[in-house]
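I opened the model and kept notes on what I looked up. The entries follow in the order I made them.

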Amino acid sequence: MPVPHRPVGAAPCASLMHRGRCPARNSCRLILIVALIATALIGFLNNTLPPLPKSFVSVITPSSTFAVTNSSHGDSIVFSLDSRNSALIVNSKVDENYEVKAIHTGNKKPDSCRTETHLKEGISGDGGLPAFTGREVPFWALPPDEALLYAKREIEHAPLLVDDPDLYAPVFWNLSVFKRSYELMEKILKVYIYPDGSRPIFHTPELQGIYASEGWFMKLMEESRQFAVKDPKKAHLFYLPYSSRRLRDAVYTPGSHNIKPLAIFLRDYVNNISSKYPFWNRTRGSDHFLVACHDWGPYSTTSHTELRKNTIKALCNADTSEGIFIRGKDVSLPETTIKEPKRPLKYIGGKRLSQRPILAFYAGLMHGRVRPTLEKLWGNDTEGDIRIFRRLPRRVSRNMSYVEHMKSSRFCICPMGYEVNSPRIVEAIYYECVPVIIADNFVLPFEEVLNWSTFSVVIAEKDIADLKKILLEIPLKRYLKMQECVKRVQKHFLWHAKPEKYDLFHVILHSIWFSRLKQIQMPL
């Protein structure tokens with residue numbers, strides 16, 4: 001009997017199906033089992049997250065993201081979940097107080113509306129789930145607005161910190177907040193520097209003299225590989241890289257007493273970048289900042305309303321009485337005198353109390369409203385405890401230089417000049433002399449994090465006549481603590497050719513970052 005024709009492979013498949021070993025059938029069964037296990041595991045993790053020991057395991061799919069944050073150590077992992085390619089990811093060394101944030105995005109773009117749920121759970125125990133390889137999405141993958149929201153929430157719930165080997169707690173208002181905010185700045189912050197603007201006004205830092213702060217910041221910011229970013233879409237802040245000192249030199253007509261051209265020049269520059277780029281108009285300049293140390297820095301912003309009101313202005317001339325510097329939004333920039341740019345730390349250091357025979361010292365020009373009063377009342381102190389000089393006389397400087405006078409004085413008087421700021425404040429800190437600040441309406445540098453009462457004396461202009469009495473009434477024990485605080489806070493006022501952790505470059509940038517976070521509105 002002839003054998004009927006069969007399609008190739010038909011009999012083996014029928015035979016295998018009859019025996020229960022068809023590959024297609026087994027594959028379907030395997031896929032179904034995997035799908036049921038994955039579904040059960042997702043539901044289990046979402047609803048009953050059990051105690052886990054030194055690791056945290058999460059399932060990943062692209063339809064939602066999970067940011068898991070260790071509130072104690074600041075570690076964060078953002079997961080994306082994919083039902084077509086299930087995976088498990090482990091963040092090791094997890095101990096307690098994790099915040100789990102689920103942001104459901106679906107197929108919408110990152111900037112679209114989304115819902116958030118927050119869950120606080122203590123994670124402990126010795127159990128656990130098998131760990132598989134997953135994909136970790138770092139902070140830079142978060143949209144800038146989400147990253148700022150996350151940072152603000154973390155800072156508001158900063159873990160308690162009473163001491164730190166790198167920071168001296170007594171000089172801070174809240175060490176916990178500063179530490180957490182600084183850590184997040186290092187991990188998250190990206191700054192876009194506008195390439196626009198011609199030299200020498202833009203992109204040309206001046207590194208010498210009393211206005212060197214703006215130049216040193218510009219130099220280090222433009223050289224930064226950690227914070228500067230070339231893609232503006234990844235930026236959290238936008239830097240206007242101009243020099244107020246060089247703007248004055250280029251635009252001001254000597255003897256004209258007219259600084260309006262400076263403001264017009266900067267207005268035109270902002271109008272240009274706002275028409276060329278979309279970023280200014282998106283926030284009306286509130287995520288932009290400038291750094292200006294010249295006395296005229298505030299006045300160069302007055303011809304552009306959004307620049308004056310919205311932009312974060314880091315200014316040496318931090319005077320609240322003129323309606324330009326806005327306390328709580330703008331940043332008080334320390335005025336630092338740099339004599340040798342190649343050696344910015346030259347002469348730094350001081351003497352112990354037994355080598356400081358002078359009670360208080362000042363030498364300098366007598367302009368402004370405070371210094372003439374200071375000279376009139378204390379220029380001829382009969383007891384010699386307070387030494388006030390217009391300029392240090394040659395007969396005096398031959399025996400003891402200006403720097404040696406500061407190093408030999410217990411208090412260094414820092415009166416305002418034409419404007420409220422004075423480079424003597426930072427000079428006093430450099431030479432470990434307790435600064436005595438006389439300038440009403442002056443916002444002290446980094447006042448949002450530093451407690452200046454622990455390492456300085458602030459005297460109202462009306463109390464200059466009581467200067468000696470106020471200083472002599474400070475007990476020796478308190479003075480010694482203040483001088484110790486001066487020594488410890490010094491690290492936050494130092495420029496380095498290569499920035500170091502917690503130095504002046506980083507603390508200025510932190511104040512700008514901190515100001516931007518304060519503007520962020522938390523969702524209800």
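**Whole protein**

I looked up contacts (heavy atoms within 4.5 Å) and found that, among those in the protein between residues at least 6 apart in sequence, 69% join residues at least 24 apart. I noted that this is a predicted model, where local features need pLDDT of at least 70, side-chain atom pairs count only at pLDDT 80 or more, and totals for chains, interfaces and linings use all residues. Residues are numbered from 1 along each chain as its sequence is written, and side-chain values use heavy atoms, with hydrogens and water left out.

I listed 16 helices and 16 strands; these are DSSP runs numbered from the N terminus, helices being H or I with at least four residues and strands E with at least two. Of the 524 residues, 50% count as buried, which means under 20% relative accessible area with a 1.4 Å probe and protein chains only.

**Asp330**

I found Asp330 in the loop between strand E10 (312-315) and strand E11 (331-332). Is Asp330 buried or exposed? Asp330 counts as buried because its relative accessibility is 7%.

I then checked polar contacts (pairs of N or O atoms within 3.5 Å; within protein, one must be able to donate a hydrogen and the other to accept it, and residues adjacent in sequence count only if both atoms are side-chain atoms). The side chain of Asp330 reaches the backbone nitrogen of Ile326 at 2.7 Å. A polar contact of 2.7 Å also joins the side chains of Asp330 and Lys329. Beyond neighbours within four places in sequence, I saw Asp330 in contact with residues including Thr311, Lys313 and Phe325.
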